[in-house]
Amino acid sequence: MKKRTIAIIGVIFLFILFSGGDDNNSTSDDIKDEWTPMISDSYDVDKAASMSIYESLAFQGIDDATVEVTTERVFVKYDQPPVKSDSDALMTWFYIMGVAAEKAPDTDEIIIQMYAGREPLFEITALTKDVQDFLEYRITSDEFKTKVDVSAIM
């Protein structure tokens with residue numbers, strides 16, 4: 001219940017934060033351009049954490065996704081379901097960051113790639129610690145805004 005309240009409040013702040021966008025080309029190392037199965041077969045992927053995050057996303061209607069949790073990062077690549085407004089998409093980002101920080105708290109960073117109809121749109125990167133700090137009210141929304149990187153994927 002507490003996280004849902006935070007998510008709703010966070011959406012408002014994230015809408016303000018991400019409404020401008022960024023048109024820089026951005027790709028992350030070790031991230032493939034093609035869609036892969038839901039959970040990678042790589043030896044260093046934490047399959048239990050990956051599946052747990054995927055199940056949480058599927059429960060919210062995001063079932064076309066790839067999730068990989070390694071010791072270094074959580075990577076989520078998903079096809080955005082139809083939304084009514086930009087706020088709904090931002091709420092999805094916030095939800096994914098929160099779930100990733102909760103299910104894989106010892107990772108270094110969270111990388112989210114958003115697609116629409118398999119067309120690349122945005123890459124969102126945040127340190128897991130920053131997401132945890134924001135969810136636990138240790139940093140303000142203004143501080144959190146400066147720590148999240150949003151860029152267009154070309």
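1. Asp-133 is a residue of helix α4; helices here are DSSP runs of H or I of at least four residues, strands are E runs of at least two, and both are numbered from the N terminus. The model is predicted, so local features need pLDDT of at least 70 and side-chain atom pairs count only at pLDDT 80 or more, while totals for chains, interfaces and linings use all residues. Residues are numbered from 1 along each chain as its sequence is written, and side-chain values use heavy atoms, with hydrogens and water left out.

2. Asp-133 has a relative accessible area of 9% and is therefore buried (under 20% relative accessible area; exposed is over 50%, partly exposed in between; 1.4 Å probe, protein chains only). Leaving aside residues up to four places away in sequence, Asp-133 touches Arg-138 and Ile-139 (contact: heavy atoms within 4.5 Å).

3. Helix α4 spans residues 128-135 and is largely enclosed by the rest of the structure, because six of its eight residues are buried. Among them are Thr-128, Val-131 and Leu-135. Tyr-137, which follows α4, has a positive phi near 65 degrees.

4. Three aromatic pairs are found in the whole structure (ring centres of Phe, Tyr or Trp, the latter by its six-membered ring, within 6.5 Å; planes under 30 degrees apart are stacked, over 60 edge-to-face, the rest tilted). Phe-94 and Phe-134 are edge-to-face, since their centres lie 5.8 Å apart and their planes are at 90 degrees. This pair links helix α3 (residues 86-103) to helix α4, 40 residues apart.

5. Phe-134 also pairs with Phe-144 in a stacked arrangement, 4.6 Å centre to centre with 10 degrees between the planes. Phe-144 lies in helix α5 (residues 141-147), so this pair ties together parts 10 residues apart in sequence. Phe-94, Phe-134 and Phe-144 form one aromatic cluster.
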